[in-house]
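I am opening a notebook on this structure, and these entries record what I looked up and in what order.

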Amino acid sequence: MRRLWILATLGFVAAEDGLNAWLRYARLPHDIIKQARVPSTIVALNSTQSSPVYTAGQELQKGISGIFSKALTVTHETTETPSVIVGTVAAFNNSGIAIEIPELEEDGFWLSVKSDAVEIVGQNERGALYGAFEYLSMLAQANFTEVAYATNPSAAIRWINQWDNMDGTIERGYAGLSIFFKDNAVLSNLTRVAQYARLLASIRVNGIIVNNVNANAILLSDANMEGLARIADAMRPWGVRVGISLNFASPQTFGGLATFDPLDETVVAWWASITDKLYAHVPDLAGFLVKANSEGQPGPLTYNRTLAEGANLFARAAAPHGGIVMFRAFVYDYQHLDEANWKDDRANAAVDFFRDLDGQFADNVIVQVKYGPIDFQVREAVSPLFAHLRRTPSAIELQVTQEYLGQQCHLVYLPPLWRTVLDFDLRVDGEPSVVGTDILSGKRFGKKGLTGYAAVVNVGQNATWLGTHLAMSNLYAYGRLAWDSTAGSAAVLEDWTRLTFGLDGAVREAVVRMSMQSWAAYENYSGNLGIQTLADITGPHYGPNPQSMDDNPWGQWTRADAQGIGMDRTVSNGTGFAGQYPAEVAVVFEDVETTPEELLLWFHHLPYTHVLKSGKTVIQHFYDAHYAGAETAATFPRQWTKLRGLVDEQRYEETLSRLEYQAGHAIVWRDAINQFYANISGIADERGRVNHHPWRIEAEDMALSGYRVTGVTPFEVASGLRVVQTVGNFTRGSATATLRYPEGVYDVAVAYYDLYEGKASYELFLNDASLGAWVGDNEDKLGFTLTRGIDGHSATRITFKGVRICGGDELRVETEANGRETAPLDYVAVLPPGVVD
């Protein structure tokens, strides 16, 4: 049984910036170290420095040194002293070490810990390295249990997709610039690339696409091929194979050909030549990722060729080198979808495009399918395409970067969302067809070895990798789930928390509690009942803008009007999407009564007055859920502040700042969504909360100097539909109110807008005594997609706690505009203790 020593306190905690993530190897307390039996020597059965087994030896030395302050020698020859021996099955046999272990699959490993004798046996070198990390993870968590077990991956493909652009920016990246590219070239310093590979190896990721799916063909230049070779050299010791995204039109735009028709002989020859050059530079190149005929990207449909013919063009070029092609199923017509046509539905696109092509793809093509048929929403129905690719291997595409889910400025732990997909049984031909254990494993359709996982991650140069410390739990969990699709969300999170923050029980309990609440909270205050995230889909995909979902050809429609909301995706009356599922599943989604309520508006267009099983109407559920989500988010800073002194000061303060921001922005979301649907439906909140804020003073109702009152777009992102802005771009302003609240202690919140390209200054006064000053500089602190507008993205709040107020006191905000940031104010809230505005 696992033995864990949990400490009430770990004493002084040194500052950390997050660069080591979960591989901190922090020294254990002395009383715990006394319980451990650590080998005295490390034997790595490969002396080649680029070998993952050699790397494993070095990592074991580093980890044991950090955890126990014990310096071990690494040797490459067996010894009689108690040792930790790491190597492949073949290396053990060649060294004359007798082992009896179960059969291992590719990348699998055997770990045996018996007192101070440790054997780590990999099926291959990657597997041996994974076993070393497993052993170090146990030690770092003070788990000194004697074990002997084998573990194999649930799927062969466990890849990362980076959406890095050649200029150094990152599409949907929220942690700074690229660690791979700058100015259309590979960076000269690849230190962070090697560090990234180390993190990926520790979670058993075995491949990475380093450039954006919206690919720039300049990557195929001779100089950049040499750069790719350097990237591969940096990642190879960690067992991470490098691949690249390709632009379908490269023969024309980069190669100078007159066409990029995949059946044209000159095009075929061009790609064969380019591929040969790539493999000459990177002999172990994993393969290619291709986005074609999607969102403006070129593809085979341009020439009336099929998507399979397009994919096979690359597959034939890569096959002689052992490369594979990941071909994205994210294909839809974003220009001609018509919401007025009741049958049009973007969700139908993947199955419509790929169903009849099953079996026409080359053997080394894997179709990469987003977990839902739209686009990484807070909840989606499982993509039915997984049920149709019986003769074609498939991989699921998840997203670690939180494009639609708070862009790492909101705590959203994603595995509970992923579990809804991985645990879903598609019941193909009436037989068990669970996405994770049956389909992605390759077992259901006999495709074992060519199926798996890809996750869009988008780390950047920020020391925290993803922009914030807590978001790294999602990257860690992705690797764990790709290896074992049945891994429990909470159990994985507990391991990550111990490795990241140490063994203190209070820290673990708080992080696990907040994280496990976070996805449900975000779904509540963004979009629920399957209506999607309700973010600004035509802009940054960040803040609230529900009307952006409709009246455009992007196809993320809600079909909200004055009477009802939701997409009718039934066969009987709607778009027919429900009929894309196998019969047992389709019949469930066809009927309002049997459709799970968390997907009700995904499959059905219903009146706002439709009564749910809870007895609430759809609209009242919306109101209540949005309030509940914001209330949960409001608890996160309070829970975190209890950990002061238990987490190092740097990570404590950085995390607290994010959680406080989230608590305020959750209120922005709550109010915007509720105000919009109250307006469009004309139905009041039966609890009288929506558009009724007794503790607020609207800025337009205050005594103003140097300010003007303006409207906003969209209208719902301002509390009273209006805001105030300074009259000039570099002028001063003030907004003053006389308070009429009973004497007592209050929290005072100021709601304002923090725009890009300007840093307005603010100071809050009570009776001429300053409560605090701040600057509108979220663009320097947060990583979300920046905007220049007064909208749901720039809306934010700052709160001053424990302010004693008497009736008749004067509250004043003094500001100074700075460029485009005209110190816009929405309201001031004076809140009694415990009240979530």
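How close do the axes of helix 8 and helix 9 come, and at what angle do they cross? Before answering I note the basis of the entries: this is a predicted model, in which local features need pLDDT of at least 70 and side-chain atom pairs count only at pLDDT 80 or more, while totals for chains, interfaces and linings use all residues. Residues are numbered from 1 along each chain as its sequence is written, and side-chain values use heavy atoms, with hydrogens and water left out.

**Entry 1: helix packing**

I looked up helix 8 with helix 9 (residues 307-318) and found that their axes come within 9 Å and cross at roughly 45°. Axes here are lines fitted to C-alpha atoms, for helices over the stretch in contact, and angles run from 0 to 180 degrees between N-to-C directions; helices (H or I, at least four residues) and strands (E, at least two) are DSSP runs numbered from the N terminus. The two helices are therefore oblique to each other, given that angles under 35 degrees count as roughly parallel, over 145 as roughly antiparallel, 65 to 115 as roughly perpendicular and the rest as oblique. Their crossing is right-handed, a term for the near helix being turned clockwise from the far one by less than a right angle, with anticlockwise giving left-handed. On the helix 8 side I noted Val267, Val268, Trp271, Ala272, Thr275 and Tyr279, which meet Leu313, Phe314, Ala317 and Ala318 in helix 9; contact means heavy atoms within 4.5 Å.

I then turned to helix 6 (residues 222-235), whose axis comes within 8 Å of that of helix 8 (residues 265-281), the two crossing at roughly 40°. That makes helix 6 oblique to helix 8, and the crossing is right-handed here too. Helix 6 contributes Asp222, Met225, Glu226, Leu228 and Ala229 to the contact, and helix 8 contributes Ile274, Lys277, Leu278 and His281.

Ala286 sits in the loop between helix 8 and strand 12 (287-290). I recorded Ala286 as buried, with a relative accessible area of 4%, where buried means under 20%, exposed over 50% and partly exposed in between (1.4 Å probe, protein chains only). Not counting residues up to four places away in sequence, Ala286 touches Trp159, Arg241, Val242, Gly243, Tyr279, Gly323 and Ile324. Its C-alpha atom is separated by 9.3 Å from that of Ala318, 32 residues apart along the chain.

Gln402, in the loop between strand 15 (394-399) and helix 12 (415-422), counts as buried at 2% relative accessibility. Its contacts, leaving aside neighbours within four places in sequence, include Tyr174, His410, Ala471 and Asn474.

**Entry 2: nonpolar cores**

Which residues touch the most other members of the largest nonpolar core? They are Trp22, Tyr196, Ile231 and Leu475, in a core of 229 residues; such a core is a set of buried Ala, Val, Leu, Ile, Met, Phe, Trp, Tyr and Cys residues joined through side-chain atoms within 4.5 Å. Beyond four places in sequence, Tyr196 is in contact with residues including Ile160, Phe180, Trp465 and Leu475. I also found a second, separate core of 27 residues, which includes Tyr707, Ile805, Leu811 and Leu825.

**Entry 3: salt bridges**

My search of the whole structure gave 48 salt bridges, each a side-chain nitrogen of Lys or Arg within 4 Å of a carboxyl oxygen of Asp or Glu. In one of them Arg126 pairs with Asp107, the closest N and O atoms being 3.0 Å apart. This pair links distant parts of the chain, with Arg126 in helix 4 (residues 125-140) and Asp107, 19 residues apart, in the loop between helix 3 (89-94) and strand 4 (109-114). Arg126 counts as buried at 15% relative accessibility, and Asp107 counts as buried at 1%.

Asp495 and Arg498 also form a salt bridge (3.0 Å, N to O). They are separated by about one helical turn, because they lie 3 residues apart in helix 15 (residues 489-501), and both are buried.

Asp777 pairs with Lys781 at 3.2 Å between the closest N and O atoms; Asp777 is buried at 16% relative accessibility, whereas Lys781 is partly exposed at 49%. Elsewhere, salt bridges that share partners join Lys616, Asp624, Asp685, Arg687 and Arg689 into one network.
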